[in-house]
Amino acid sequence: QVQLVESGGGLVQAGDSLNLSCVGSRRTFSRYAIGWFRQAPGKEREFVASITWNGGLTYYADSGKGRFTISRDNLKKTVYLQMNSLKPEDTAIYYCAADSTAPYVNEYDLWGQGTQVTVSS
């Protein structure tokens, strides 16, 4: 089974950018639709963005529209989440998951371990 590993999180100031990566462990990763979710302390996990297996379609939560961009490079077995103009309310653990584009946690059956994003004001 494919394993997902996120990286790229960190501590940044409001207005800064981060580029998160989700790397798959096997070549079959290229067949999977991938979603990004986030979970802030005391809150439920929420949808951020998703992308089809070939990158042809992308979807965004309203919170990230215009600021976040999801993309993928199947040769590198990697999905990216470019986050610009970060806000303190973007602070959360960010997870990538497979294999859906739906904005619902229970549509995904494979998850990474998460990467922490902290945005200071």
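Which hand does the link of Cys22 and Cys96 have about the S-S bond? In this predicted model, the link turns out right-handed, with 70° about that bond. The structure has one disulfide to look at, and here the sulfur atoms of Cys22 and Cys96 sit 2.1 Å apart. The pair ties together distant parts of the chain: Cys22 belongs to strand β3, Cys96 belongs to strand β9 (residues 92-98), and 74 residues separate them. As for what such a link is, a disulfide is a covalent bond between the sulfur atoms of two cysteines. Cys22 counts as buried because its relative accessibility is 0%. Cys96 is likewise buried, again at 0% relative accessibility.

Two arginines in loops come next. Arg67 is found in the loop between β6 (58-60) and β7 (68-73). With a relative accessible area of 11%, Arg67 falls under the 20% cut-off and is therefore buried. Its side chain makes a polar contact with the side chain of Asp90 at 2.8 Å, and the Arg67 side chain also reaches the backbone oxygen of Ser85, at 3.0 Å. Setting aside neighbours within four places in sequence, Arg67 touches a whole run of residues: Gln82, Met83, Asn84, Ser85, Leu86, Lys87 and Asp90.

Arg31 sits in the loop between β3 (18-24) and β4 (34-39). Its relative accessibility is 63%, over the 50% mark, so Arg31 counts as exposed. Beyond its neighbours within four places in sequence, Arg31 is in contact with Trp53 and Asp99. Val48, meanwhile, is 17 residues from Arg31 in sequence, and the two are 20 Å apart in space, C-alpha to C-alpha.

Terms used
Residues are numbered from 1 along each chain as its sequence is written. This is a predicted model: local features need pLDDT of at least 70, side-chain atom pairs count only at pLDDT 80 or more; totals for chains, interfaces and linings use all residues. Side-chain values use heavy atoms; hydrogens and water are left out. Helices (H or I, at least four residues) and strands (E, at least two) are DSSP runs, numbered from the N terminus. Buried means under 20% relative accessible area, exposed over 50%, partly exposed in between (1.4 Å probe, protein chains only). Contact means heavy atoms within 4.5 Å. A polar contact is a pair of N or O atoms within 3.5 Å; within protein, one must be able to donate a hydrogen and the other to accept it, and residues adjacent in sequence count only if both atoms are side-chain atoms. A disulfide is a pair of cysteine sulfur atoms within 2.5 Å.
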